[in-house]
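Dear colleague,

I am handing over a structure that you have not worked with before, and it is shown just below.

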Amino acid sequence: MGQGSSEFDLIARYFCLGVPSVWDSQGIGDDCAIVKIGETSVAITVDTVALGTHFFDDADPYTVGRKALAVNLSDLAAAGAIPRAFFLAISLPNADNAWLKRFSCGLQEEASRYGCALLGGDTTRTVSVNGMPASATMTITAMGEGQTLRTRQGAQVGDDIWVSGTLGDAYAALKMRWGHWTDSLTDYLASRMDTPTPRVALGQALNGLAHASADVSDGFLADLEHILERSHLGAKLNVDAFAISADLARLPRDRQLEAILTGGDDYELVWTAPKSARERIKALASDDCPLSLVGEIVAEGLLVEDASGRTVTYDRLGFDHFG
Ligand code: ADP
Ligand code: MG
């Protein structure tokens, strides 16, 4: 057990409690816990979003509502589950009706789009401590079902590595809003950050085709690394194989690669599948959601190259709340 203080060190040190579950489940470490109940498996996930951490303080509450649920639906998509229900625990410094009305509107829109019912929750007030106002947080537990759900484990040597959509758009939007990148923010990039599309239908279509999958929330390399760790394998990647949006393509190549490989907040899916599934997976692509075959699972290591075989370097794998 490491003594670092990354998000994952903290989980390993303090939250692996060693109390076995009576329910048949794989335990901590995947996008969802998968609990087998009779013939059905239920996928369960929880994610918190906080104003100030995941959103700018003045973010449109409509987009906060949509995204708070979307990030959870994305975890269900990674497992290949059909969304069924969610619970909302919300903590607010005050009851701002105008804010809550728009938040509720965004939440309702996302819930109805995916047929996911709100079945319960909790509403509390946060107080200021030592003069520091506490932020608003929204914690959603989402549940979905399916017959054969997937985890981050199960990749095999020789599997293709696939990714959905165009990675890096949300990260580019964040860098522009922070002013780190001075290019002007387009509506398209802003929408990719504010209202990501969880790949729910794709996740289900991959049932029976993909061996292992994760959603890309912390950065492509970081989330692929979760699959590699859980599967005890390595990967070889070709950075020139990733689909890229027209707006990201306007930026210098080093920024494109930083955004694609290590930027977070994409809520796309990364998965591995046998080569025999290639044609069936290609048939799942659409104009709105291109699918890119970006590499291959190997026995060990993480080799990132361009199409000419030159090694591509990167500073970090992805986002870590305590890294
Ligand atoms: P995701 O990004 O899909 O929400 P993470 O990669 O952040 O998941 O988390 C890794 C694993 O650790 C997941 O299985 C998650 O459920 C688990 N986990 C994270 N925080 C805690 C915690 N405080 N207690 C128990 N398990 C946790
Ligand atoms: Mg996830």
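Strand 8, which covers residues 212-216, pairs with strand 10 in the antiparallel sense over five bridges; please keep in mind throughout that this is a predicted model. Within this pairing, Asp215 has Leu269 of strand 10 as its bridge partner. Strand 10 also pairs with strand 7 (residues 160-164), again in the antiparallel sense, here over four bridges, and Val270 of strand 10 is the bridge partner of Val163.

As for strand 10 itself, which spans residues 268-273, six of its six residues are buried, so the strand is largely enclosed by the rest of the structure. Glu268, Val270 and Thr272 point one way from the strand, while Leu269, Trp271 and Ala273 point the other way, and all of them are buried.

Turning to ligand 1, there are 13 residues around it, of which Ile11, Gly29, Asp30, Asp31 and Asp75 come nearest. The shell divides into six charged, four nonpolar and three polar residues, and helix 1 (residues 7-14) gives the most to it, with three residues.

Oxygen atoms of ligand 1 take part in several contacts: a backbone N or O atom of Asp30 lies 2.7 Å from one, a polar side-chain atom of Asp31 lies 2.8 Å from one, and a polar side-chain atom of Arg152 lies 3.2 Å from one. Taken alone, ligand 1 exposes 560 Å², and the protein buries 70% of that.

With best wishes

Terms used: Residues are numbered from 1 along each chain as its sequence is written. Chains are lettered from A and ligands numbered from 1 in the order in which they are written. This is a predicted model: local features need pLDDT of at least 70, side-chain atom pairs count only at pLDDT 80 or more; totals for chains, interfaces and linings use all residues. Side-chain values use heavy atoms; hydrogens and water are left out. Buried means under 20% relative accessible area, exposed over 50%, partly exposed in between (1.4 Å probe, protein chains only). Helices (H or I, at least four residues) and strands (E, at least two) are DSSP runs, numbered from the N terminus. Two strands pair if DSSP finds at least two bridges between them. A residue is near a molecule or strand if one of its heavy atoms lies within 4 Å of it. A polar contact is a pair of N or O atoms within 3.5 Å; within protein, one must be able to donate a hydrogen and the other to accept it, and residues adjacent in sequence count only if both atoms are side-chain atoms. Accessible areas come from the Shrake-Rupley method with a 1.4 Å probe; for residues, only the protein chains shown count as cover. Ala, Val, Leu, Ile, Met, Phe, Trp, Tyr, Cys and Pro count as nonpolar, Asp, Glu, Lys and Arg as charged, and the others, Gly among them, as polar.
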